[in-house]
Amino acid sequence: MRFEIVTLFPELFDVLRAGLLGKAQDARAIDIQAITPREFTHDRHRTVDDAPYGGGSGMVLMPGPIAQALDHLDEARGGKPTLRVLLTPQGARFSQAHARRFSELGSLTLVCGRYEGFDERIRGLADEEVSLGDFVLLGGEAAALAVIEATARLLPGVLGNDESAADESHSDGLLEYPQYTRPEEFRGQKVPEILRSGNHAAIARWRRKESLRRTRDRRPDLLETAELTNEDRELLEEIREGR
Ligand SMILES: C[S@@+](CC[C@H](N)C(=O)[O-])C[C@H]1O[C@@H](n2cnc3c(N)ncnc32)[C@H](O)[C@@H]1O
């Protein structure tokens, strides 16, 4: 899958050379191209922003250089389709469902803002707008990195073990159950007996129950939309009764 980024700071994406995403690039499972709209300016100062019409503080990104950067990426892709996503605190909140949908695409183009944000006409160049959450960053790069990482790790061959993404938090609408590794006892806290029992059916039931408990305790809103089986409902009843 190809990830294209339009950003004033392409070097911020060098961090994607580290770890599994670096390996995925070496193995050509993913390709990351970050370009700056400054390349598409024609003045000595390579200006990409200007003061807002109507007055006010800060500078606004001009539409021309970003539009030309997007045209350039389209050409370089040879006309193959992409989904253009604007990173903005005004967008839909990014979720695992976005990551899943994006991971089915051949190409994703992320447009990062800076300063006071985008000239309104830049919005018309994008297919969707995505926000990392209800807070304001200095620029869209940290949000783009999060989108790339959450999406790329769902691609075949990117995680060491393809099953690692299968039953973790948000994969089925619930939070993940508690995990333990060695030592068996740490500062007086023991690994639950059942995880050492070797009884796979009992372990699976315990994990599902703890996943439901954790979701109920920390994110009860998720339980409203998660697909629950009859057994899940029975487990929730047990939790409610303190069993
Ligand atoms: C300082 S912000 C501009 C915010 C803009 N004035 C507004 O109120 O919507 C600069 C850039 O950071 C990025 N950004 C800031 N917060 C973000 C968030 N929560 N999610 C995604 N991108 C964000 C956007 O690309 C934005 O254009």
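This is a predicted model: local features need pLDDT of at least 70, side-chain atom pairs count only at pLDDT 80 or more; totals for chains, interfaces and linings use all residues.
Biologist: How do H6 and H8 pack, at what angle and how far apart are the axes?

Modeller: Helix H6, residues 200–218, packs with helix H8, residues 230–240, at an angle of about 65°. Their axes are 9 Å apart.

Biologist: Is the crossing left-handed or right-handed?

Modeller: The crossing of H6 and H8 is right-handed.

Biologist: Which residues make the contact?

Modeller: From H6 they are Arg208, Lys209, Leu212, Arg213 and Arg216. H8 brings in Asp232, Leu235, Leu236 and Ile239.

Biologist: Changing topic. How many residues surround the ligand, and which are the closest?

Modeller: The ligand is surrounded by 20 residues. Gly113, Gly117, Leu137, Gly140 and Ala143 are the closest.

Biologist: Which strand gives the largest share of that shell?

Modeller: Strand S5, residues 83–93, with four residues of the shell.

Biologist: How does the shell divide into nonpolar, polar and charged?

Modeller: It has 10 nonpolar residues, eight polar and two charged.

Biologist: Now Gly22. Where does it lie?

Modeller: Gly22 is in helix H1, which covers residues 19–26.

Biologist: Why is Gly22 called partly exposed?

Modeller: Because Gly22 has 15 other C-beta atoms within 10 Å. Buried would take 20 or more, and exposed 12 or fewer.

Biologist: What is Gly22 in contact with, leaving aside neighbours within four places in sequence?

Modeller: Leu16 and Arg17. As for Val158, 136 residues apart from Gly22 along the chain, the two C-alpha atoms are separated by 9.7 Å.

Notes
Residues are numbered from 1 along each chain as its sequence is written. Axes are lines fitted to C-alpha atoms, for helices over the stretch in contact, and angles run from 0 to 180 degrees between N-to-C directions. Helices (H or I, at least four residues) and strands (E, at least two) are DSSP runs, numbered from the N terminus. A crossing is left-handed if the near helix is turned anticlockwise from the far one by less than a right angle, and right-handed if clockwise. Two residues are in contact if their C-beta atoms, placed from the backbone, lie within 7 Å. A residue is near a molecule or strand if its C-beta atom, placed from the backbone, lies within 6 Å of it. Ala, Val, Leu, Ile, Met, Phe, Trp, Tyr, Cys and Pro count as nonpolar, Asp, Glu, Lys and Arg as charged, and the others, Gly among them, as polar.
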